[in-house]
Amino acid sequence: MEKLNKEDIMTFLPHRPPMLLIEEAWLDDEGKAHSTYRVKDNEYFTMGHFPGNPIVPGVIQCEIMAQSCALMVKDEIPGNNTFYTGMDNIRFKNIVRPGDLCEVTCWLENRRGMLFVCGAKLEVGGKLCSRGTLSFMLVPKKEGE
């Protein structure tokens, strides 16, 4: 699959800046999803976390991984909302800072109907920063959504 840019990603994810946290995405030959996001110097989530020593919060790292997981089911998303149902075994190994290029890899571990369980990891420069298991459900959109 060719790489998708931000405009392509916005065709299947409802997120918009500043909450769209993947800039490029693609599937490899094994069906794993990959994405990248360069953390900007002026991100709203690092301005107060921590002044003088900005660090990307763990919850934002989880959101970057979560948005990346949606790529694996992008063809099933039209007409559905993606709602996360859980995060398990989340671990934070190294700090992510402004200027870092986050590289995410996700893989499908299990599926039951419209419930998906994915493994994910976020690396910077080949160094593991966070990893875990994320689950989400595709729920039909209501009229007007």
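Reply: Going across the sheet, the order is β1-β2-β4-β5-β6-β3, six strands in an open arrangement with antiparallel pairing. Keep in mind that this is a predicted model. The edges belong to β1 (24-27) and β3 (80-92), and since each has a single partner strand, one side of each is left without a neighbour in the sheet. From one strand to the next, the twist averages 25 degrees.

Now for the pairings inside that order. β2 and β4 are held together antiparallel by six bridges, and T36 has E103 in β4 as its bridge partner. Move along to β4 and β5 and you get ten bridges, again antiparallel; here W107 is partnered with G119 in β5. The hairpin these two strands form has two residues between the strands, and G113 adopts a positive phi there, near 60 degrees. Then β5 (residues 115-124) runs antiparallel to β6 (residues 127-140), with ten bridges joining them. In that stretch, K121 sits opposite R131 of β6.

If you're tracing side chains along any of this, a handy rule is that in a regular strand they alternate between the two faces of the sheet.

Note on methods. Residues numbered from 1 in each chain as written. Predicted model: local features only at pLDDT ≥ 70, side-chain atom pairs only at ≥ 80, totals over all residues. Heavy atoms only, no water. Pairing = 2+ DSSP bridges. Helix = DSSP H or I, 4+ residues; strand = E, 2+ residues; numbered from the N terminus. Axes fitted to C-alpha atoms, helices over the stretch in contact; angles between N-to-C directions.
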